[in-house]
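User: I'd like to go through this one piece by piece. Can you start with the terms and then take my questions?

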Amino acid sequence: MSKKLKKLTLLHSNDIHGKFTGKKDENGKLSCSLAQVAGYVNKIKEEQPDTLYCIAGDVFQGSLIDSDFQGLSTMEILNMLPIDIMSLGNHELDYGISHMLFVAKCADFPIVNTNFKIRTNGSHMFEPYHIVEVDGFHVLFIGLLTENIVDQTKAEGLVGSFVTVEDPAAEVTRITSMIRESGLKVDLTVLLTHIGYDADVELAKTIDPECGVDVIVGGHSHTYLKEPTICNNILIVQAGMEDTHIGKLDMVIDTVNKSIDSWEWEMVPVDEEHCPTDKLVKAMVGTYELEIDAKYSEVVTRLSRKLDNYGRGNATELGQLYADCFRDALNFDVMLLASSSMRCYYLEMTVTLQDLRESYPYDGKIYRLNLSGKQLKRMIKYMLRDEVLVDWKETFYQTSSSMKILYNYDSGELQLWVNGKEIEDDTLYVTGMQEFYFANSEIGFGMTLDEMQENGEARVATTDAFGALRDYLSVHKNLGGKIDDRFIVKGKVPKHKKK
Amino acid sequence: MEIKRTRDGNTLVLAPVGKLDAATAPELADVVRKELDGVTELGFDLAELKYTSSAGLRVFISAQKIMSKQGSMYICNVCDEIKEVFELVGFNDIFDIR
C-alpha cells in the first residue's frame, strides 16, 4: 500500500506540581521555569507549525503559588501557554472535586479524562476525549487517571461517595469503539494518562490493537526515560517532573495506513541553553511571587539545624520533628504522621511561613483515637511490609519519640514501647493521625474504620493541621536534631532501588 | 471603579482612576475582555492611578497577550510608586512604557 506521510510533533510535560519559578545555579543560570517551557513550546510551534503541546496531569500541588490560590493561579498562568490539551491528574482533585470542576472551566484548553465518573449514572466528570485538528490532521486524545484516586475521594465524604474510577483499559476500548462507530475522523490516537509508567506498560499490553492506540503520553510516576518504551506497537513516553524537561516526539505518520512511519524522541532540558524565556509568562509568575513573598516572608521559627527529609520508607529528621510537634501540640500519646504528607527534601534552619507551608501544604483535620496496644502493634507491623520499607510504594508513618519501635526484619519480631514502657495489649493509647489516612485506614494500616474505633469513636483533635504545626513551632525554637533511636530496623533489609 | 475610555477608530485608551486591587482589577479585566474587538492599538493611561496590586499587574499582562496578536499596547503616565512595582516584576522588558 502506498504511503502519504505527514510530520507531527508532540511536546509533552507531566507533573509540573506548581513549580513555576525555576531555580538558579551558582552562576545565576536559570532552569526548570515555566517561562522557559513556554518559550520552548512557542519556539518549536513557530519552527514547526504542526506541533501540539500536551500535559499529562498534576499541574497542581507543590508550591504556594498554586496552593494559596487553590489552583486558580495555576490556571491563569497556564492560560498564558499554548497548551493544546491536558489530562486530569490525581492532585487536580486536592482542593476538592467540585472545586476542580469549577477550575476546569477557567482553563483556555480542554482537560480530558474518561474514567473518572459519577457512580450512579456513569456520567463522565470531565470531557472524556478531545480531537485536536492540526492542518487537516486529527489527533484523538483520551485522558486516563489512576484508580488510586479512590483513596483520595473517600476523604470527601458525600461527594466522594458518588464518584468512581473505572478500569483504564476498558474505557479505552469503549471510547475508541464508540468513535469508530461514529465515523469521526481520527488519524492518530494518543492516550494522555496519569496512571504511572508501570501501569502504562501494562495498559499497552492489554489494549486490543483494534483500538488503534499509537502513543501513550504518561505521568504520575515522575519517570525519566532514556528512550520511549515500545509495547504492543505503542510508543510510551514520559518526561520526568516539575519542568526539568520537555518531551519532544517527532513523528512521521503514514496517513494512508494510519500508523507511525518513523519517530524520534528526546527529553529536552529546560534550561537557558535549550529554552528561550517567555517574558510575559515570567512576569505573570512574578506577580504571584510578589504576593506570596509579601504574605509568607515572616519567620516562623529557627531550628537547631537544617533537617533532612529524604526517603519514603524510613524515619527522617524532619519527620521526627513534625510528629513530635503534633503529639505535643495536640496532647497525644503517639502521633502517626504520613511521610508522603511532607513535601520537601529538607528544611533550612530559618523557617519562613513559606518554607513551612511548602513543607506541609495540607490543611485538614487530625483525628484522636483510643487504640489498644494490640491494635498499635498490628498497625505498625502492617507498616513494616516490603511495599513500604523497601519499595517506598505504600505509606510510611513518621512516629513521635514517645513510641519506640524495634523491628527485626529477618525474624519479623516487633517490639514497641510507649512513654518508656513496653506496650501492653489491653492498655489504650491516645493516638493522632491525619484525616486522609484515617479515612483510608485499610490501605494505610490494614484495619477497617470500625476496627480502628472499637474503643470509641474518633474525635477531631484539630480542624487545622497546618495551623497547629505553625503555632507550635512559632513558640518553640531550636527544635530538631539528628535521627534518634525511636525507629530501629535490624536484619538484612533490601536497599530501596531508585527508579 | 471609574475607567475612562477614549476610542478613536482602531485605537482605544483606557484610564483607570484610583487604585487597582483584588476588588477593582476584575472590573478593568472585564473591559479588556469585552472591548478589544477590532482594536489595533491599546493604551493604558495611568495618570490617575495611585496604586496597583499584583491583581492589577495581571490585567496588564493579559491585555498584552491579547494585543500581541492583534496590534500593539503601551502604558503611559506611570507614577513613581507604580514604576517601582513595574521594575520589580520586569515590566520594563515587556511593555512599551511611555
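Analyst: Two strands pair if DSSP finds at least two bridges between them. Helices (H or I, at least four residues) and strands (E, at least two) are DSSP runs, numbered from the N terminus. This is a predicted model, in which local features need pLDDT of at least 70 and side-chain atom pairs count only at pLDDT 80 or more, while totals for chains, interfaces and linings use all residues. Residues are numbered from 1 along each chain as its sequence is written, and chains are lettered from A and ligands numbered from 1 in the order in which they are written.

User: In S26(A), what is the bridge partner of Trp417(A)?
Analyst: That is Glu422(A). S25(A) and strand S26 (residues 421–422) of chain A are antiparallel, with 2 bridges. Their hairpin has 2 residues between the strands, and Asn419(A) takes a positive phi near 50° there.

User: And how many bridges join S24(A) to S25(A)?
Analyst: 5 bridges, between S24 (residues 403–408) and S25 (residues 414–418) of chain A, again antiparallel. Ile405(A) has Leu416(A) as its bridge partner in S25(A). This hairpin has 5 residues between the strands, with Gly412(A) at a positive phi near 80°.

User: Switching to helix H17(A). Which residues are buried?
Analyst: In H17 (residues 465–475) of chain A, they are Ala465(A), Leu469(A), Tyr472(A) and Leu473(A). They sit on the same side of H17(A), because they cover an arc of only 95° around the axis. Buried means 20 or more other C-beta atoms within 10 Å of the residue's own, exposed 12 or fewer, and partly exposed in between, with C-beta atoms placed from the backbone. The arc is that of the directions from the helix axis to the C-beta atoms.

User: What is exposed on the face turned away from that buried side?
Analyst: Gly467(A) and Val475(A) of H17(A).

User: Now chain B. What is the strand order in the open sheet?
Analyst: S1-S2-S4-S6-S7, 5 strands with mixed pairing. At the edges are S1 (3–8) and S7 (96–97) of chain B, each pairing on one side only. S6 (residues 72–76) of chain B runs parallel to S7(B), joined by 2 bridges, and Tyr74(B) has Asp96(B) as its bridge partner in S7(B).

User: Last topic: how many residues does each chain bring to the contact?
Analyst: Chain A gives 12 residues and chain B gives 12 residues, where contact means C-beta atoms, placed from the backbone, within 7 Å. On the chain A side, helix H9 (residues 279–296) supplies the largest share, 10 residues.

How values were computed. Contact = placed C-beta atoms within 7 Å.
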